[in-house]
Structure formats: C-alpha cells, structure tokens
Amino acid sequence: MEANTRSTGRLPAAFLTPGSSSFMDFLSDHSPEILPGNRSLPPLKGAIEAPHGTTIVAASFPGGVVLAGDRRATMGNMIAQRDIEKVFPADEYSAVGIAGTAGLAVEMVKLFQLELEHFEKVEGATLSLEGKANRLSTMIRGNLAMAMQGLAVVPLFAGFDVDREKGRIFSYDVTGGRSEEHGYAATGSGSVFARGSMKKLYRDDLTEEQTLTLVVQALYDAADDDSATGGPDVARRIYPIVTVITDEGFRKLNDTESSEIARAILERRLEQPDGPRAALL
C-alpha cells in the first residue's frame, strides 16, 4: 500500500475522507508521533533553558473583548527576545495569548488554528466559542508530559460569542483545566501584578477605548514589578501587541495605535509613577 502510494503520488483514502471533524483526532489516528505531547525527550540533566513568553492580559467591555501581551521572552535571567509576538488570531472571532515555553506555545497555536479551520471545512459551520475553548483545553492536556518536564504552555483564550452577543475570556492551567473569567484575566509571570492593576481600575461600563488603555496600564504595572515582563520600549519602538474582538471580528491594533496608547500612559507616569489611583470608596 505504501509503495503504491509513493508510485502513484495519491494519498490513501483515509486521508481524503477523514471520519472526524477534529484534526487532532485525525492526527492521533494516523500520525500520533508528530503531536507535540507525544514527542519523546532525552533524559533531563538539570533545568531546561528555553525561551519563555510572559504576561498576557484580557478584559471585556460591552460589545467585545480586548486581548494583549507584552513583547519580552526570557531564558533564565536573560532576555531571549525583545519583540516576540504572543497574541494570535484563532479564527475570525477569537484569539489566543501565549505564556510559557515559547516554541511549544507557538506550535500549539498553529495547530489550534488548523483544528478550527478543519472543523469549519468538514462541518460547514464554525465551532461555538465554548467548543473552541474546550478544544484548546484538550490540546493543553495533551502537552501534560512536556509540562511535567518544565515545558508548560498556559494560554489565555478570548473571543466574541456570536450566540450570546458578548465577549468572553477563558483561562487554563497546565493540566488543561478551563475556567471562564468574568471582566478581566491575566496569565504568565507578571499576571499577579497585572490582575491587581485591573482589579482596581476595571468597570463593567468601560468603552472600547478605555479598555484598551486598561490592558496597557496593566502590562505597564506588570513590567514595573516583574523583570520577565517587558514594558513599552520607546527607544526601539517596541510596544505591546493589542487586539480587539467584536461582532465585526478580530482586529489587531497597528504600531501607530499601540504607540499612541503607550506614549500617553508613559507621559502620565512621569507625574504618577505608580499609575492612576482608584477611588477609596
């Protein structure tokens, strides 16, 4: 059969008529060895030094959700990359922000994008936002063996739910455990500081513009206290990746838009280095 396939250049029938709408299940049946979680690693000798992505934040507003990330990747106490991209569109109405082992995280996002596209082509309809969140949970669980060896991937998933007509946010742990967050969320090494910042500044009635400012403020606060999180780099013109998802779909702010928000915050921080103050009562 294999010789015949090579000689004719045609794929086996199983590859042309998959029995499942899940691309992950299809790979598990036919080529399980190429899935990230099934790869064997050599015996470990000490800690693994690999680039890690750090802080991702998200916040919802009436009509949508904002997902953003800083640009720094670290390797131990070193800066591995200053301009890494950590926020990617999953499909037209959802996006993923990655934290954890950068190489595996990017690979998982690409596989997730392919999984959603495969489902849409096979079923002729898009997966619900809840279904997308569940699929990502399964993929993270499949990486558990790697996570136990220090190569964890902990993303933040956000999107616009066309059925409920609102933005929703989902967070995960290394085992694939999924939780829906209400209002705002953060993951990565600077998440404690970013979450604390948003906790004091977030309101249910924020506009889209105010929410964009909120997430960049949170990333600035994270960078202020977490060395693995990179703040706006004016000298190199490196600013946070900021995306918005509404009923019109996914949109990534261009460099000019991101820089305007970051520069406005920097100017205010010259007067108030610790950032805006929340009302005491």
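Which residues make a nonpolar surface patch of about 270 Å²? They are Leu144, Met148 and Val174. Like charges are joined within 9 Å, and nonpolar side chains (Val, Leu, Ile, Met, Phe, Trp, Tyr) within 5 Å. Areas come from the Shrake-Rupley method with a 1.4 Å probe, and for residues only the protein chains shown count as cover.

A word on the source. This is a predicted model, where local features need pLDDT of at least 70, side-chain atom pairs count only at pLDDT 80 or more, and totals for chains, interfaces and linings use all residues. Residues are numbered from 1 along each chain as its sequence is written, and side-chain values use heavy atoms, with hydrogens and water left out.

Back to Val174. It sits in the loop between β10 (166–172) and β11 (178–181). Helices (H or I, at least four residues) and strands (E, at least two) are DSSP runs, numbered from the N terminus. The protein has nine helices and 14 strands.

Is Val174 buried, exposed or partly exposed? Partly exposed, because its relative accessibility is 33%. Buried means under 20% relative accessible area, exposed over 50%, and partly exposed in between (1.4 Å probe, protein chains only). Of the 281 residues, 48% count as buried.

Now look at Phe170, in strand β10. Its relative accessible area is 0%, so Phe170 is buried. Leaving aside neighbours within four places in sequence, its contacts (heavy atoms within 4.5 Å) include Leu129, Leu156 and Arg178.

Next, Thr246, in strand β13 (residues 241–246). Thr246 is buried too, at 12%. Beyond four places in sequence, Thr246 is in contact with Phe61, Tyr93 and Glu208, among others.

Last, the inside. A nonpolar core is a set of buried Ala, Val, Leu, Ile, Met, Phe, Trp, Tyr and Cys residues joined through side-chain atoms within 4.5 Å. The largest one has 25 residues. Val57, Val66 and Met198 are among those with the most contacts inside it. Which helix gives this core its largest share? That is α8, with eight residues. A second, separate core has 24 residues, including Val109, Phe119, Leu129 and Val153.

Technical notes:
Patch = residues over 30% accessible without salt bridge, like charges linked within 9 Å, V, L, I, M, F, W, Y side chains within 5 Å. Salt bridge = Lys/Arg side-chain N within 4 Å of Asp/Glu carboxyl O.
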